[in-house]
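Please look over the sequence and the structure below. Then try each question before you read its answer.

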Amino acid sequence: MPSRIRTVVGMARDRWAGARDPEAFARSIGVNLAGRVKFYGISRWMFGSEPWLITLGDGVCVAAGVQFVTHDGGVLNLRKEYPDLEWTAPIVVGDDTFLGIRSLILPGVTIGRRCVIGAGSIVGRDIPDNTVAAGVPARPIRTTDEYVARLQAKSLGIGHLPAQAKAEAIKRIYGITTP
């Protein structure tokens, strides 16, 4: 089988496996899952070339488009002068942490437990437990407890509903009618 076809077949197999059982797929490529992890979109490429250096704690939620980078590719051109140059390091995400859509987690980072990482953030430094961090570069903006208090103040009070009932309630709250 030509390599291009093999690549396409492999990508289709990965997509199917990831859709069927995202946790099993992540484990199959070497990601260390310390418990239940919820993936809202998964692919082999989101874990980079060293998925076995990534540990995700119990109750972690990974939004679509999150990227884990365990090495610094910038060393490639510098190896002409410094053949032994390498920077690769593990990534650890603590229990009950949410990684926002399209966030980027860089080598050597530890994100504590019960954290929220904002959408589009670039996390290049450790984030302590119970912290909401966002931005480029990501920085702590409040505690998770402060975040919860702000959300409770404006909550729609429907988070417990099943998806379809929640969608109907949101439409009702905002006066949206659909055919």
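This is a predicted model: local features need pLDDT of at least 70, side-chain atom pairs count only at pLDDT 80 or more; totals for chains, interfaces and linings use all residues.

Residues are numbered from 1 along each chain as its sequence is written, and side-chain values use heavy atoms, with hydrogens and water left out.

Q: In what order do the four strands of the open sheet stand?
A: Strands (E) are DSSP runs of at least two residues, helices (H or I) are runs of at least four, and both are numbered from the N terminus. Two strands pair if DSSP finds at least two bridges between them. Here the pairing is parallel, and the order is E1-E3-E6-E9.

Q: Which strands stand at the edges of this sheet?
A: Strands of a sheet pair through backbone hydrogen bonds. An edge strand here has a single partner strand, so one side of it is left without a neighbour in the sheet. The edge strands are E1 (32–33) and E9 (110–111).

Q: Which residue in E9 is the bridge partner of Val 93?
A: Strand E6 covers residues 91–93. Two bridges join E6 to E9, and the two run parallel. In E9, the partner of Val 93 is Ile 111.

Q: How many residues lie between E12 and E13 in their hairpin?
A: Strand E12 spans residues 131–135 and strand E13 spans residues 138–143. Five bridges join them, and they run antiparallel. Ala 133 stands opposite Pro 140 in E13. The number of residues between the two strands is two.

Q: How many disulfides does the whole structure hold?
A: A disulfide is a pair of cysteine sulfur atoms within 2.5 Å. A search of the whole structure gives the count: zero.

Q: Is Cys 115 buried or exposed?
A: Buried means under 20% relative accessible area, exposed means over 50%, and partly exposed lies in between (1.4 Å probe, protein chains only). Cys 61 has 22%, so it counts as partly exposed. Cys 115 has a relative accessible area of 2%, so it is buried.

Q: How many salt bridges does the structure hold?
A: A salt bridge is a side-chain nitrogen of Lys or Arg within 4 Å of a carboxyl oxygen of Asp or Glu. Glu 23, Arg 27 and Arg 36 are linked in a network of such bridges. The total for the structure is six.

Q: How far apart are the closest N and O atoms of Arg 113 and Asp 96?
A: Arg 113 is in the loop between E9 and strand E10 (116–117), and Asp 96 is in the loop between E6 and strand E7 (98–99). They are 17 residues apart, so the pair links distant parts of the chain. Arg 113 is partly exposed at 41%, and Asp 96 is partly exposed at 43%. The closest N and O atoms are apart by 3.6 Å.

Q: Which residue meets Arg 114 in a salt bridge?
A: Arg 114 lies in the loop between E9 and E10. Its partner lies in helix H4 (residues 144–154), so the pair ties together parts that are 31 residues apart in sequence. The N to O distance is 2.7 Å. The partner is Asp 145.

Q: Which residue forms a salt bridge with Glu 168?
A: Glu 168 lies in helix H5 (residues 163–173). The closest N and O atoms are 3.8 Å apart. The partner is Lys 171.
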